[in-house]
Amino acid sequence: MIVLEDTPEVIGFVEQRLGIKIAPPSQAFGYVTNEGEPMAGIVVNDYTGSNCELTIVAEKGRMTREVFRHIASHVFHKLGCRRATIRTRKTNKALLSLLGARRRDGKPAFGFVFEGVAKHYYPDCDAVVFRMLRSDCPWIKT
């Protein structure tokens with residue numbers, strides 16, 4: 001996996017795929033396979049010091065453990081956040097399924113916990129909100 005950091009192409013990729021405009025300031029990471037095939041684009045924005053929002057676009061099956069580890073390390077170690085927030089369209093069944101997945105012991109498989117629904121967040125639908133606390137993150141050592 002190759003990590004592209006803070007390149008305008010990553011923000012453009014995310015904006016184009018989601019049909020949105022990302023307002024600065026933000027940071028972006030792109031992930032591509034060693035063969036150059038796109039895996040995912042992540043934008044970190046709305047940084048408050050204790051929280052940041054993650055905007056994620058990923059090719060099907062490309063949100064690997066390595067991608068999650070890199071994101072978590074950046075958010076919790078480099079930025080020093082206590083939590084990360086993801087909002088997704090209520091209609092985004094693939095991401096809802098991934099973020100809501102549970103392990104056999106009932107804990108969140110990827111560390112994200114359902115937090116609520118933001119009514120009328122998007123022009124055409126509601127947003128589902130998930131959060132990950134640093135203390136609950138399975139991807140880093142605290």
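Buried means under 20% relative accessible area, exposed over 50% and partly exposed in between, with a 1.4 Å probe and protein chains only. The model is predicted, so local features need pLDDT of at least 70 and side-chain atom pairs count only at pLDDT 80 or more, while totals for chains, interfaces and linings use all residues. Residues are numbered from 1 along each chain as its sequence is written, and side-chain values use heavy atoms, with hydrogens and water left out.

**View 1. Salt bridge between glutamate 15 and lysine 21.** A salt bridge here is a side-chain nitrogen of Lys or Arg within 4 Å of a carboxyl oxygen of Asp or Glu; the rule gives a count of 10. For this pair the N to O distance is 3.7 Å. Glutamate 15 is buried at 15% relative accessible area, whereas lysine 21 is exposed at 70%.

**View 2. Salt bridge between glutamate 115 and arginine 131.** The N to O distance is 3.3 Å. Glutamate 115 lies in strand S6 (residues 113-118) and arginine 131 in strand S7 (residues 127-133), so the pair, 16 residues apart, links distant parts of the chain. Strands are DSSP runs of E with at least two residues, numbered from the N terminus. Glutamate 115 is partly exposed, at 39%; arginine 131 is buried, at 19%.

**View 3. Salt bridge between aspartate 126 and lysine 119.** The closest N and O atoms are 3.1 Å apart. Aspartate 126 has 9% relative accessibility and is buried, while lysine 119 is exposed at 58%.

**View 4. A network of salt bridges.** Shared partners join Arg83, Glu115, Arg131 and Asp136 into one network.

Key
Helix = DSSP H or I, 4+ residues; strand = E, 2+ residues; numbered from the N terminus.
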